[in-house]
Amino acid sequence: MRTQLVIFSVFTILFVGMAVSAQRPAADDWQLVSYKLDQMNVALGDKKITMSVDTKEGRVAGNSGCNRFTGAFKFEETGRLKVGPIAGTMMACPEPWMTFERMFLKTLEGADAFSFETGVLTVTDTDTGNFLRFKPAEKPMIMTWYVNKKVVDCMGAVKSKCLQVKETKDGQWQDFFGPIQGFNFRKDYYSVIEVERVRLPDPAAGASAYEHRLIRIIKQTKKEKEL
C-alpha cells in the first residue's frame, strides 16, 4: 500500500500529473524555501537552492548551494522511486555551505515520500526524518529588444543619458532607465538583443524591481531598416 501511495504522489504531485496541473502551472523548476537536515540551521537568505525535474529524460538537476548537480530518477522493480546516483561540479565553498550541500544531496538521494500542499512541495527521507521543502521557481522573462543607435537625455532622480529600446521592429522608441548587464552599447549601431528580466528579491526604495541581463546579441547594423 505504501508503495502505491508513493507512486501516486510522485506522478500526481512532483511530475506534473493532471491533478497538479489543475492547481498550479505546469512547471518543473523548484526553489528550496525551508528544510530539516539533522543539526543544520543555516539561513537560506538570498541563496538559491534549486531543483529541476525533466520527466521526459528521467533526470533531475539544479544548484545545491555551492555546485551544480545532476542525476537520474527511476522506479525500481519494487515500485520505490530511486534518485541518483547524483554527480556534480567540484568547486570548493566555505562552510557551512559545503556541509549543507552534502546533506542536501544525501536527503535527495534518500527521498521516499512526497507531499504537495498550498503550492509547496516537500521531499522527505523517512529513514532520517530530514526533508526539503520547495516552491515553484519564478522563471525569468526572456525578451527581444531593439536598441537605438544613440543615447538620449532622460530625467529620473537626476539628469542622465539613457538607452532607447522598443519591443517590436515597428514600435516607438522608449527611454530605458538602468543598465543591461553584459551589454556594451555601440554608438551609431542599432542592436537586436535577447534580454533576461529577473525580479529582484529586495529592491531598494524607489529602484526598479527588475534586473536585466544580456543573453545574446542577435544583430547589429548601422541602418534601422536592416533590423
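Tutor: Let us look at the second largest pocket, which is lined by 17 residues, with F176, F177, G178, S208 and H212 lying nearest its centre. A pocket here is an open set of points on a 1 Å grid over the protein atoms alone, where a 1.4 Å probe fits and protein lies on both sides within 12 Å along at least five of seven lines, and lining residues have an atom within 4 Å of a point. The model is predicted, so local features need pLDDT of at least 70 and side-chain atom pairs count only at pLDDT 80 or more, while totals for chains, interfaces and linings use all residues. Residues are numbered from 1 along each chain as its sequence is written, and side-chain values use heavy atoms, with hydrogens and water left out.

The volume of this second pocket is about 350 Å³ (the space filled by probe spheres set on the points, which are joined across faces, edges and corners). Its lining is made up of eight nonpolar, five polar and four charged residues (Ala, Val, Leu, Ile, Met, Phe, Trp, Tyr, Cys and Pro count as nonpolar, Asp, Glu, Lys and Arg as charged, and the others, Gly among them, as polar). Strands β12 (174–176) and β14 each supply at least two residues of that lining (strands are DSSP runs of E with at least two residues, helices are runs of H or I with at least four, and both are numbered from the N terminus).

F176, one of the residues nearest the centre of this pocket, belongs to strand β12. F176 counts as buried because its relative accessibility is 10% (buried means under 20% relative accessible area, exposed over 50%, and partly exposed in between, with a 1.4 Å probe and protein chains only). Leaving aside neighbours within four places in sequence, F176 is in contact with W145, C162, L163, V165 and H212 (contact means heavy atoms within 4.5 Å). Of these partners, H212 is also among the residues nearest the centre of the pocket. F176 and C154, although 22 residues apart in sequence, have C-alpha atoms 8.7 Å apart in space.

W145 has I193 of β13 as its bridge partner, and strand β9 (residues 141–147) pairs with β13 in the antiparallel sense over seven bridges (two strands pair if DSSP finds at least two bridges between them). V165 of β11 stands opposite V147, and β9 and strand β11 (residues 159–166) pair in the antiparallel sense over two bridges.

Further along β13 we find E194, which is buried because its relative accessible area is 18%. Beyond its neighbours within four places in sequence, E194 is in contact with I142, M143, R213, L214, I215, R216 and I218.

The largest pocket has a volume of about 870 Å³, and of its 32 lining residues the closest to the centre are Q31, K48, E138, V198 and R199.

Seen as a whole, the protein chain has three helices and 14 strands, and buried residues make up 39% of its 227 residues.
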